[in-house]
Amino acid sequence: MREAFAEGRSPSQYLKRRAMTKVVRGSMRAERRIWKNIVSIGDSDAEHYALQDVMLKLPELGACNGKTVKLKTEPTLAELTAQVRTLAQWLPTIVQHEGDLHFDAGED
């Protein structure tokens with residue numbers, strides 16, 4: 001945890017970055033193929049910034065695109081349902097987009 005504060009990052013972002021790095025490295029080794037996209041979906045900016053950190057710190061990702069979707073923080077059930085429906089409609093477009101992308105589906 002001291003590393004998070006030493007880097008000037010929030011503990012949440014630091015922990016998310018560590019988890020993402022572990023999953024990405026493990027999956028890339030297991031699948032032995034090059035990824036074109038990594039999509040992170042969450043309700044805080046920590047996911048967005050953690051994925052940016054992962055993309056910058058893992059050169060083995062090469063030309064992989066980082067895409068983040070930010071959902072509303074603490075939505076009602078109706079809002080969450082609407083977000084999931086919107087995400088289901090937009091996900092193919094998000095994945096097909098050439099390049100990095102940030103999509104804010106929550107707009108708190």
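Visitor: What makes strand E1 (residues 37-42) and strand E2 (residues 65-70) a pair?

Guide: In this predicted model, E1 and E2 are joined over six bridges in the parallel sense. Pairing asks for at least two bridges found by DSSP, so E1 and E2 count as paired. One example is Val39, whose bridge partner in E2 is Lys67.

Visitor: Why is the unit made by E1, helix H3 (residues 45-57) and E2 called right-handed?

Guide: The word describes the path from the first strand over the helix to the second: it must run clockwise with the strands pointing away from the viewer. The β-α-β unit of E1, H3 and E2 is right-handed, so its path runs clockwise in that view.

Visitor: What makes E1 and strand E3 (101-104) the edge strands?

Guide: The open sheet has three strands in the order E1-E2-E3, with parallel pairing. E1 and E3 each pair on one side only. From one strand to the next, the twist averages 10°.

Visitor: How do you know which way H3 and helix H4 (residues 77-96) run relative to E2?

Guide: Angles run from 0 to 180 degrees between N-to-C directions. H3 lies across E1, E2 and E3 at about 175° to E2, and H4 lies across these strands at about 160° to E2.

Note on methods:
Residues numbered from 1 in each chain as written. Predicted model: local features only at pLDDT ≥ 70, side-chain atom pairs only at ≥ 80, totals over all residues. Heavy atoms only, no water. Helix = DSSP H or I, 4+ residues; strand = E, 2+ residues; numbered from the N terminus. Contact = heavy atoms within 4.5 Å.
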